[in-house]
Amino acid sequence: MSGTSADGIDAALVEFTAAGRRRVPRVIAAASTPYPATLRERVLSLAQTDRALALDDYGRLDVAIGACFAGAASALLRTCGVDPSRVRAIGSHGQTVRHRVGGEQPFTLQIGDPSVIAERTGITTVADFRRADVAAGGQGAPLLPALHAEVFASSSIPRAILNLGGIANLTLLAPGRPVVGFDTGPANCLLDAWVQRHRGTPHDDHGAWARSGRVDAALLAQLLADPWFARPAPKSTGREHFNLGWLEPRLPAAIAAVDVQATLLALTAQSIAAALQRHAADVRELYACGGGVHNTALMAALRSALPGVAIETTQVLGVDPDHVEAIGFAWLARARLAGEPGNLPSVTGARGARLLGAIYAAPSLPMSR
Ligand SMILES: Nc1ncnc2c1ncn2[C@@H]1O[C@H](COP(=O)(O)OP(=O)(O)O)[C@@H](O)[C@H]1O
Ligand SMILES: [Mg+2]
């Protein structure tokens, strides 16, 4: 898995065991590998919407990312001494370089050539999970609510699961009701971009810089006034919308960079809190996952924005918050190979349940025998 943050690759070796109709994931080993700096720059550059696309850059990056993913998977197997022949499949999300699902020709594009992954690892690879849902009229996102429902739902109390990646997405699990899930807006993407520009670091460690600034209430109100936030679900978003080009025209003439960071952190917390109150005012338990759980200032801001809600991480439910997304794509690969649908139409808005992902066979399969 590599998300909108483009911070690196999260790999998890997962085993699923059946418990009634549910499947319980067990993480055997997991590792995060940062993208090499030059590769990250190429990803972020290709993901910029104002830049003309060079097809050669695109093709080369597709293969380079595939090779990087393959390297992460093989390294993980080596560290835990598991032979590739024992792995049923790799589920590869790919690196999103565009997600434009509004408009006449909606599309979403994840790259990282799955044939390269299958060839280099010797493991059947399932990839391209989002496009079948988009073709069926859905948002193609978020896809994790299906996993959240299977692993984190309670039969008696409503729960919310919050993924804090580049973008934030919320899953609402209420007993006896269809699963609801949607993006709430930026989680880390604006925070990362702003701290990168002003401090030269890829993220604001523990939110310490944001914590030392002051929230500009007028700016916060202006940012929250973007009509995207009030749009009804299903909805999803990405860097195409929430980027520095979106922020800059809204900034007042004289504002300290540190106060912008504090205000962006408040934007993340407030937009999540507003979405939860609008869609599930009865929820009293929220479990967070994704890299944003390490931003202690963000977690504190969420707690003060939602005083009536107990906010923990998914660790309390037995799953390391850094592993949830990677588990999700193992889960989707398993579903695809079992011929089971991966999307939840109540979440994505697709016309129906669909098989998600395409299968790239391991090189040693039938023909060489
Ligand atoms: N120690 C930390 N302090 C602050 N933010 C962090 C920390 N660790 C991770 N993050 C944030 O989490 C992001 C990565 O989260 P991740 O779940 O991998 O997102 P994505 O799925 O978009 O790649 C980083 O870009 C960063 O903003
Ligand atoms: Mg990441």
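This is a predicted model: local features need pLDDT of at least 70, side-chain atom pairs count only at pLDDT 80 or more; totals for chains, interfaces and linings use all residues.
Local features need pLDDT of at least 70 and side-chain atom pairs count only at pLDDT 80 or more, while totals for chains, interfaces and linings use all residues. Residues are numbered from 1 along each chain as its sequence is written.

The domain assignment, with bounds from an automatic or database source, gives domain 1 (8-140 + 323-368) and domain 2 (145-317). Their centres, taken over C-alpha atoms, are separated by 24 Å. The contact (C-beta atoms, placed from the backbone, within 7 Å) takes 24 residues from domain 1 and 20 residues from domain 2. On the side of domain 1 that touches domain 2, helix 12 gives the largest share, five residues. Helices (H or I, at least four residues) and strands (E, at least two) are DSSP runs, numbered from the N terminus.

The elements giving two or more residues to that side are tabulated below.

| Element | Residues |
|---|---|
| Strand 2 | 22-34 |
| Strand 4 | 95-100 |
| Helix 12 | 324-337 |
| Helix 13 | 345-348 |

In helix 11 (residues 296-305), Ala 297, Leu 298, Ala 301 and Leu 302 are buried (20 or more other C-beta atoms within 10 Å of the residue's own, placed from the backbone). Seen down the helix axis, these buried residues fall within an arc of 140° (directions from the axis to the C-beta atoms), so they line one face of helix 11. They pack against helix 7 (208-211), helix 10 (257-279) and strand 11 (310-313).

Ligand 1 is surrounded by 20 residues (C-beta atom, placed from the backbone, within 6 Å). The closest are Gly 3, Ser 5, Gly 165, Asn 188 and Gly 291.

Note on methods:
Chains are lettered from A and ligands numbered from 1 in the order in which they are written. A residue is buried if 20 or more other C-beta atoms lie within 10 Å of its own, exposed if 12 or fewer, and partly exposed in between; C-beta atoms are placed from the backbone. Two residues are in contact if their C-beta atoms, placed from the backbone, lie within 7 Å.
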